[in-house]
Amino acid sequence: MVSTVIPVQPFDLVIFGATGDLAHRKILPSLYRRLSVHQMPQEARIIGAARSKMSRAEFRKSVQGALEEFVEPGDLSKERVEAFLATLDYVTIDAAGDGGWAQLARKLDEKPDHIRAFYLSVAPSLFGTIAGRLTEAGITTPSSRIVVEKPLGQDLASARALNAQLSRHFGEHQIYRIDHYLGKETVQNLMAIRFANALFEPLWNSRYVEHVQITVAETVGVAGRGAYYDGSGAMRDMVQNHIMQLLCLTAMEPPAKFDPDAVRDEKLKVIRALDPLMISDTVRGQYRANGKDGSYLDHVGNPASRTESFVAIRAHVSNWRWAGTPFYLRTGKKLAARLSEIVVTFKHPPHTIFPQVEAQKGNALIIRLQPDEGITMRVTIKEPGPGGMRLVEVPLDMTFADALGEEGAMPEAYERLIMDVIRGDQTLFMRGDEVEAAWAWTDPIIQFWKESGSRPLAYDSGGAGPIEAYKLTSADGHLWREIVA
Ligand code: BG6
C-alpha cells in the first residue's frame, strides 16, 4: 500500500519562540520530515523569530543540532538536512518591543503569494501582544493563520480573556488551537472506525455499550517541569484538553460531513451534555517517592502542594445516545506503563444459551493510541478440543504497524497538524467555544479542591493510582482495565 503525499502550497511559517524547547523537539523536526517526503515545498520559508540576537547562519546551526538530537538517525540524510536548512531564516524580535517587526514585514512581502502562518510557541501571556503587533505592523493578511497551544487559560475566565485577545486581531477561521492528541493517527482513526464502517455505529449507544474507559497513563513524573506542573495539575494539564477531546470523539453524533464546523459542533454538544461533575465522582492523587526517585512533592519542590498528578473521573453524557452509560476517565504520572487507550465495553447478550458466558467479561473494542497503535476486539469463542462447550476470550488484534507494513509508520502529531494549518483545514483544531465549554466543566471541581483544602491521596509509583479510584468503577459493578503496555 502506498500512502499519498499531497504537497501543500508554498508558505511562510513564522515561529515565535523558535529557539525554545517545543520548536526544537517537535515543530522543526516535524517540518523536516514533511520536507523529506516532499510535502513541504522547497520554496517554503520557515522564519524563526525570537529575542536572541542571532544570524541566519547561527539559527541554521542551532536547528541542525535540534534535528540531530530529535530526528531518528535513520531519517537524517545530509542532502535533506541541507535542503531543510536552506528554507530557514531568522529575525530577532522582542515580542513586547518595537525591534524586528519592520524587518519581518519586509521579508514576508518578498513572497506575497505565499500562505502566511504565525506559530506562537511562546507563553500564553504573549499571545495577545504578538497578535496585536502583527496586525499593527501590517504583517497579517485576511488569509493569514495564527497557531496557539495549551495552556489555553487556567480556567474559564482566563480562557475567555485569551480568546477575546486573539479575536480582536484574527477571525475564528484564522485561529488554530492545537491539541496534539487530535493529530495522533489513532485518534483520527477513531473517527474512521466509527463513521467509515457500518459495523460499530448501530451498537454505539447505551443500549449496547455497558461502559467506556479512557486512560492516558504515563510512567514519567514531573521532575524538570515542576514549576509549570504544580500550577496546573492533571485536571488542567490532561483532562480539560486531551482527555475531553478523546471523550468527545468517542461520544459525538456522526457529523453531517467531515468539515471543521460540522465536527466541532458535534464535539461541543458532547461537552454541553456532560452532567456537572460531582466531587464523589472524582479521585485525585499524588505519587509517593520510589526508592531514590523522589515523590511528587520533591519533584515540584513544594512540600505543601495540593496539586494532583493523578485524576480519575466517572462522567455521564446525558443525551439520548448515552444516558446510563458511564464514561470512566483517568490519567496520571508515574503509573505502571505508558499507555493511552479507549475501551468500549459492550453489554452481555440479552439471553445466553451458554451458562459459562456469565463469567466472561463481554465484548470490548480497545482502541490503543500508544504504544503499538491499533485496535483489538475482545470476543468470546469456543475453546478448541473435545470435552464440552467451554468458552474463552480471545483478542481479534490489529496492530496498525503489522497490518499496514511500512505505511503503518505513524507520523508525529505535529506533522499532520502543521500541514493542516497550511492547507487551511481546522477540523483537528479546537474552536474557542469548545475550549471554554471544557473549562466550564472542569472549573467547579478544581475550585472545590482548592477551597476545601483537602489533599490528594498518595499512591505508589508504578501502580494504577490511588486504590480509591477502583471504587468509582466497582460502585457500578465494573473494573478498570489493568495498566500494562
Ligand atoms: C502534554 C502534557 O500536553 O501531554 C504532558 O503537558 C504530557 O504533561 C503530554 O506528558 C503527553 O503527551 P503524549 O503525546 O506523550 O501522550
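Residues are numbered from 1 along each chain as its sequence is written, and side-chain values use heavy atoms, with hydrogens and water left out. Since the model is predicted, local features need pLDDT of at least 70 and side-chain atom pairs count only at pLDDT 80 or more, whereas totals for chains, interfaces and linings use all residues.

**Cavities**

A search of the whole structure finds 3 cavities of 30 Å³ or more, a cavity being a set of points on a 1 Å grid over the protein atoms alone where a 1.4 Å probe fits but cannot get out. The largest cavity has a volume of about 90 Å³, volume being the space filled by probe spheres set on the points, which are joined across faces, edges and corners. Of the 13 residues that line the largest cavity, Pro151, Leu152, Gln240, Asn241 and Trp439 are the closest to its centre; lining residues have an atom within 4 Å of a point. The lining of the largest cavity divides into 6 nonpolar, 5 polar and 2 charged residues, where Ala, Val, Leu, Ile, Met, Phe, Trp, Tyr, Cys and Pro count as nonpolar, Asp, Glu, Lys and Arg as charged, and the others, Gly among them, as polar. Two helices (DSSP runs of H or I, at least four residues, numbered from the N terminus) are set out below.

| Helix | Residues | Part in the lining of the largest cavity |
|---|---|---|
| Helix 9 | 233–251 | at least two residues |
| Helix 14 | 432–452 | at least two residues |

Helix 9 gives the most to this lining, with 3 residues.

**Aromatic contacts**

The structure holds 12 aromatic pairs, that is, rings of Phe, Tyr and Trp (its six-membered ring) with centres within 6.5 Å. Ring pairs link Tyr228, Tyr229, Tyr287, Tyr296, Phe310 and Tyr459 into a cluster.

**Helix 13**

Helix 13 (residues 413–423) is largely enclosed by the rest of the structure, because 9 of its 11 residues are buried. What covers these buried residues includes strand 1 (11–16), helix 1 (21–36) and strand 4 (115–120), strands being DSSP runs of E with at least two residues. Helix 13 is followed by Gly424, whose phi is positive, near 75°.

Notes:
1 Å grid on protein atoms, 1.4 Å probe; cavity = no way out; pocket = protein on both sides within 12 Å on 5 of 7 lines; lining within 4 Å. Phe/Tyr/Trp six-rings, centres within 6.5 Å; stacked < 30°, edge-to-face > 60°. Buried < 20%, exposed > 50% of the residue type's maximum accessible area, 1.4 Å probe, protein only. Contact = heavy atoms within 4.5 Å.
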